[in-house]
Amino acid sequence: MIEVYTMKPVRLIFRSLLYYWRTNLPVVAGIAIAVAVMTGALMVGRSVRGSLRDLLFERIGRTETVVTAERFFSQSLADQIPEVFSSCPIIYLQGTLLHEESRVRMHRVNVYGIDDRFWKFQGMPAQPFTDDRAALVGSTLARQMDIKTGNGLLLQVETQQSIPREWLYGRRDDIGKTVRLSCSQILAPEQLGDFALRPHQGNVYSLFVPIGRLQKDLNQESKANTILLSGMQETATASVNDILKKNLSPGDLGLRLKQTPSGKGFLLESDRILIEDPVAKAALEAAGEAGLPASPIYTYMANAIRANGRSIPYSAIAAADIGNGALTDIVMKGTTGTVQSDSDIPPIYLTDWAAGDLKASPGDTVAVEYYIWLEAGNLVTRSESFRLSGVVATAGDVNAALAPEIPGVTEAGSMSDWDPPFPLDLKRIREKDESYWDRYRATPKAFVPLSVGQRLWQNRFGKRTSILFLNNTGSDVKTAQATFSRSLLSRLRPESAGLKAHPVKESGMTASHGSTDFAEYFVYFSFFLIVSAILLAFLFFKLTIEQRVREIGLLKVVGIDSGPLRRLFFREGLVLSLVGCILGLFLSLGYGWLMVYGLRTWWVDAVGTDRMTLHFSPLDMAFGTAIGLCVSLATVFWTLRGLKRNTPRALLSGVLESVKVQSRRARTMGIVAIASTATALLLLAAATLGMVSQLIGFFVAGFLSLVAVLCAAAYYLRRSPARTISGTGWPALIQLGARNARHRPGRSVLCAALIASATFIIVSTEAFRRAPDEISLEPDSGTGGYRFIAESTLPVVHDLNSTEGREALGILRSQDPAAGTVRFVSFRERPGDDTSCLNLYTPQEPRILGAPDSFLRSVRFSFKSSLASTPEEEENPWLLLDKVFSDGAIAAIADANTIQYILHLSLGGDIPVQADDGSTVRLRLAAALNDSTFQGGILISEKNFLRVFPDREGYRYFLVDTPRDVDASTVQSLKENLGYWGIRLESSGDLLASYHRVENTYLSTFQSLGTLGLILGTFGLATVLLRNVLERRSELALLRAAGYRRHILSGIILFENILLLLWGAGSGIVCALISIAPVLHSRGETPPFLMVAMVLIPVLIAGTAASLVAVIAVFRSPLLPALRSE
Amino acid sequence: MLEVKNLTKEYPMPGRRLEVLSNIDFTLNDAESASIIGPSGSGKSTFLYIVGALEPPSSGLVRLAGENPYQMNEKDLAAFRNRKIGFVFQDHHLLPQCSVLENVLIPTLVSPPDDSVPKRAMELLEQVGLKDRIHHKPHELSGGEKQRVALARALVLQPRLVLCDEPTGNLDTESAETVVSLLFDLHKRQKNMLVVVTHNLEIAGRFHRRFKLHRAQLQPA
């Protein structure tokens, strides 16, 4: 037995760990809490990401890629996609839904026109429609609107028009189509009731209707505008584009080729009348390759052609280069030939009919009067003078085919039956005009040079209404047409024709990483909890070392060198750390769950969804544990560093730190205290004089004051007492209590510092809390002075400030109370991902707003920073939006919070966006708005918007100006008026407050976890106080033996402990108040006394309770043994 | 042999230096024992700690078996103390978490492996009368018993020099007598050098050589 019983370090470690379990337990607990909090924070990050991914998958179902189109295409396009993909054509629109029973209206509802193929595609049992007016309502939408099965619904969706609304021939009076439906079933989220193609964690309002119903009501028989794709091995958008390109027909792109009446050639026309530039370019290239002479034509409507005091009403006028390209066969009439036009007056050719009617001869001045639709939403009449250069015969190539087919005009039996989308004065139409119509239909009556027509009637949609090709190939026209068609399609990219493939699953998964790293945030939020836990572990490990200082001395005496000695204790620390880490690992699941529960409930405003669930991975747990282990071992190492600093003799007598070391530390603390005080005073002076930012100056000064106070206290506790305790009664006893605080000064300083720092952070954070109900309506505030924001589901192409515009929409008629007081600022919108803090997903395609020129000059809102380089730009940074950078980037403005926290960019940073033609355009951040209502999108100028997104029609976002004293009934009237048109009115203050709520929730989370840290710190302090008292048991027994009564001793102990508590909490609070003084001053607020009380009271209660427990414990122990131990 | 030459120890004090030991010469041959007496604060313990390689002198020479510990690095110095010197203090300084046997074996934690040590530890415990208490914890022992364990601990590695600082200072007369008897007995058995600092004149008188520390000087008593 003796042989095997040898003493090994491991045995000593084991014995020590067990013997000192009371102090080891808090060490293990501290490490476990730190690991749990750290790992839990990582779990929160993973849980948010995981929940967002789950939500994405739940909402997109099996959809991997979505092909969307600017215009409807044949459903059969989906069938032509190879079988390796699973595909499903649908109609996807946004609409406004009215619940007939409750009259509740919901805007921007996702409307899906589907049939059984959708459910087959999603691999789910079909949810059949009971009839063609049945609607399947998503449960979230149903809950929000209180829709029950069988309820009647009125769905308003945008009518589908090929012709641009913001052009002369666009129909502006027929934008919305109302479809009557009945709720046949309510779909749960797992039944794809929350089906959505754009990731957002908030509520999704989805409505499924029979695709046939929508096709019929939208006049888009057998057509769809979206294809869902899945089953792709690789989600390569390029391969989808290739497939689309191979299977596209001209019809899918809204193009048609038709033979000319003469049979000598063919025409390329578009459903939208105007041929888009990329298509025209490709067509002219294809014609050039095939050797086909081509003539682009831009035929427009002249309200009047005047000459010699005579006038022809409502005539087609063609801008085309006659005599060139495919128009060489146009016959000039008469012997006068042609005359050369003046350089400043463009030439015009009249048909023989028109020249005869006007009695005009070459050389005469001809005035042409026409309408122009301004993008601001007004129709204006303009006029241009021409010099008659010749007269052409109304025959041959001069025929009705040169004029586009205009709905409401072309098919009319007579001119009097015209129903054009512009004002028509029927009284001006003469008999002879009707006769012309009967004979020649829309044959142009005049020709002007193409460049002139394109200049006069310019718009952003196209510069040609047709292209005429002359077939001189020798083959028949149909063959030439087919060859040309193939050549044209090979030159077109699907994107340039508005067909775009979006890898929704892939980009959604990328987006689900989130713009906010919750793991990082929760590590920050839990910072004080982690620090408190680590300090608790440190404190108790130090306590163990202090408790065993004589043992250390003995081990040194028997020849154990500092190195092996440290290793011995380090191994003890390692075991404690490992046990703590393992325990922490289990606790982390609980902490993670609690935090995720918190995000679902207490802090739901931070995430905007209650669909958060706990996700964890071994990687997070390993990482959290590794970090916890490293930190705890570093703590152990730090504690043990002092073992070398004293002689064995001193250690044997129970002194861990020599007087010399104590003095040196005291001196260092004194120097730091003086330096911090001096720097803080300088900063305060500089901030007061405006030499540095007040906010930063005061905050840093407050923090330095805290450092100074703590160092001064450390100096006071470590230095030798200057005077002897003297006198009698309470003053002397208080002196004794204060002197007692010098017992183990390290412990006292550490505990107080912890409480002071936590208090400082909690109180100073309060200053950044925003008052949600105090939203300013000043022009330079975050609302820009606009009381409301309106968002429209349907594009508004009229000027909402004009009587005509309002009359056209049927809103705010002159009798409405709100009519005279409301002004709108209209913004164009490229729909996209919400870039505000309300969206947790990383924006992949941010929402973009086009700000009108008048707004840019109105100097509203305030800016945090900008790239302004001129005094004008500095005065009004909105002017920066006029800028296009030399490298082609377009100036953009966004909210500072969006830039920093969502986009993670800075000024000068670029945001790549896809333009309507498929190209990538960079938006460069030129200015950052200060806490504004624009957090949800990126702003560019309307001019640049129309350049990049020419296909986006109308206005969908509005800032609404109303008088400050507008009454509630007027507001209600306004809401109803706009709601009828599918425009949702929202208070700017409410929107800004919703952003503030998110910020405030983050602050609350930080403060809650900080308070937990504070409580843990207070618990540590209480335990240390208890320990201090117990360590001095014999000293207290001596005082009792010397005649001190219990209440006096209790008073001394309480004074000493409350001194430490007040010192910690008090210095934290005072220094925090210094830090936030400018913020409080600028807001005219009083210090956050409630928060101070909420912080101070628990700390004082916990500390006092611990002291009382200690006092009771001491007084319950018998006097004699305590005295004997002394 | 233990040689001490011109040993001086001073402590810095505000405005002056306090000389505790002044030019002390001292020699002790193998198997010899010596006692040192003197009033409190006279520097007895300081002398012992300096001789025991625990506290460096301000000047002078200490040499044990021809080796000067203060010329060694920390590692060698620790090994020197471990193998050549045994300490017994007024307070027993037993590790409360370890048993009697484990306390005796504490010095072996850093000594070279030696199979005879555990046996010797048991023999020593038998000699100090604690053979049946080897698994007891210090708190289960009386003051005298604790000091006997400390004695066994000091001798377990058969040091050349055993230094005792008031070994009976905390003991009653009977326990003190037992400890002193054991001290002499074991000294005779191990033939080591023994230096004991004590206030007890009766105990001091039982040593072969007796010294008195007075005014920083070591004088024969």
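1. The axis of a helix is here a line fitted to its C-alpha atoms over the stretch in contact, and an angle between two axes runs from 0 to 180 degrees between their N-to-C directions. With that in mind, and remembering that this is a predicted model, consider helix α15 (residues 527-547) of chain A and helix α24 (residues 745-766) of chain A, whose axes come within 11 Å and cross at roughly 175°.

2. Why are these two helices described as roughly antiparallel? Angles over 145 degrees count as roughly antiparallel, and α15(A) and α24(A), crossing at roughly 175°, are therefore roughly antiparallel to each other.

3. Turning to the residues involved, α15(A) contributes Phe528(A), Ser532(A), Leu535(A) and Leu539(A), which meet Arg747(A), Leu750(A), Leu754(A), Ala758(A) and Ile761(A) of α24(A). Sorted by class, this contact has seven nonpolar residues, one polar residue and one charged residue.

4. The contact between the chains takes 26 residues from chain A and 28 residues from chain B. On the side of chain A that touches chain B, the elements giving two or more residues are α1 (9-19), α16 (549-557), α17 (562-600) and α20 (648-652) of chain A, and the largest share, seven residues, comes from α1(A). By class, that side of chain A has 14 nonpolar, five polar and seven charged residues.

5. As for confidence, the predictor gives the complex an ipTM of 0.90 and a pTM of 0.80. For chain B, the mean pLDDT is 89, and 100% of the residues of chain B reach 70 or more.

Definitions and conventions: Residues numbered from 1 in each chain as written. Chains lettered and ligands numbered in written order. Predicted model: local features only at pLDDT ≥ 70, side-chain atom pairs only at ≥ 80, totals over all residues. Contact = placed C-beta atoms within 7 Å. Helix = DSSP H or I, 4+ residues; strand = E, 2+ residues; numbered from the N terminus. Nonpolar A, V, L, I, M, F, W, Y, C, P; charged D, E, K, R; others polar. pLDDT = per-residue confidence, 0-100. Parallel < 35°, antiparallel > 145°, perpendicular 65-115°, else oblique.
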